[in-house]
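The sequence and the model are shown first.

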Amino acid sequence: MMLMNRSKALFEAEKATIYDISDGVVELVFHAEDGTIDAETAQWAANTLVAAESDIRGVLITAEGEDFCSGIDTTKIRECAKANQEQELKEAAEGFQSLTNLVKHFSKPVVVVAGGKTLDFGAELVICAKNVVATDDMVMGFQTRKNGLPPMGGGLTELALKIYEIGEKVPGYDCVPFLKRLFIPLYLNMASKNLEDAQKKGLLNGDVLVVSRENAKEQAKRWVLYLSERVESKPGEEPRAVTVSGVTGSSALDVLLMNAEAGQFITSDDRKIALLMAKVLCGGGVPRRTVITEERFLELEKSTFVEACLSIEDEVAA
């Protein structure tokens, strides 16, 4: 994407930089050579922005190059899994979640600017964002079958909350068909073909402004300034909690997986990872109509991620 004029680098890390782009707006730029994002960089970004919160009007989250995010950097994750370092794996998930949590709950406006490949944690940032500036060529999705790991950065939590929150407002609402519709492209790793397809797959939850690559960041900055003048911060947001489908929903989603495996659309290993994703979406192994908080969903993402990491190494050892 075209770069904006940047006054100076305020904070620098190996794979990301936070720039002052004037008018009280800062730009978080990811710039790993391979286009990935790792947990340490996500945690650094969240911590740094929180520390600067009182001194800024808003944040853009962007990336250098044609793609927003080509995936997650799993190098350290696999090293921790090989060494059976469960605590370090939990901290990796918490690192990713810290940035999506900021995107959702920061007291200042945050706009995510995405285009090209927007995969794995990049997709989670967009899913969790209330405000997205996107180019029409944005391709969103997850690579769980390639990585052998379920999402853990808060994206599944946000997708689940949105479905259940609709159900809270509609008497007699059955969430399971909507979970199935969402789940199919997730477990098959069917990335969206473009922005419109991402919307049809239910991957876009916030307000989306579609622009050309040439002026995407300029438009995003204007949006941040507009929001900073009109939107009051809400530091005391009520915790989100919803009534979930529980084991009833998980069983319904597993039927889809059994049929997909029988039809050789997925492997048995793919099914194991997909079942962990289903567990998160359905609120864990609880009875239908159990109330689950956003915090509990995030814990489920973290625990299923750790389980998947350790199981991969167990299989290699065997």
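Helix H9 (residues 216–230) has 15 residues and, at 1.5 Å a residue, should span 21 Å; its end C-alpha atoms lie 21 Å apart, which agrees. The expected span is 1.5 Å times one less than the number of residues. Helices (H or I, at least four residues) and strands (E, at least two) are DSSP runs, numbered from the N terminus.

The model is predicted: local features need pLDDT of at least 70 and side-chain atom pairs count only at pLDDT 80 or more, while totals for chains, interfaces and linings use all residues. Residues are numbered from 1 along each chain as its sequence is written, and side-chain values use heavy atoms, with hydrogens and water left out.

The buried residues in H9 are Ala-216, Lys-217, Ala-220, Lys-221, Trp-223, Val-224, Leu-225 and Leu-227. Buried means under 20% relative accessible area (1.4 Å probe, protein chains only). Their cover includes strands S3 (25–30), S5 (58–63), S7 (110–114), S9 (131–134) and S11 (207–210).

## Packing of H1 and H3

Two packed helices are described by the angle between their axes and the distance between the axes. For helix H1 (residues 39–51) and H3, the angle is about 40° and the axes are 7 Å apart. Axes are lines fitted to C-alpha atoms over the stretch in contact, and angles run from 0 to 180 degrees between N-to-C directions.

In the contact (heavy atoms within 4.5 Å), Ala-39, Ala-42, Gln-43, Ala-45, Ala-46, Leu-49 and Val-50 of H1 meet Ala-92, Glu-94, Gly-95, Phe-96, Ser-98, Leu-99 and Leu-102 of H3.

## Aromatic pairs

A search of the whole structure finds four aromatic pairs, defined by ring centres within 6.5 Å.

Phe-96 is buried at 0% relative accessibility, and Phe-121 is buried at 0%.

Phe-183 and Tyr-187 both lie in helix H7 (residues 176–187), four residues apart, about one turn of the helix. Phe-183 is buried with a relative accessible area of 0%, and Tyr-187 is buried with 7%.

Definitions and conventions:
Rings of Phe, Tyr and Trp (its six-membered ring) pair if their centres lie within 6.5 Å; planes under 30 degrees apart count as stacked, over 60 as edge-to-face and the rest as tilted. Buried means under 20% relative accessible area, exposed over 50%, partly exposed in between (1.4 Å probe, protein chains only).
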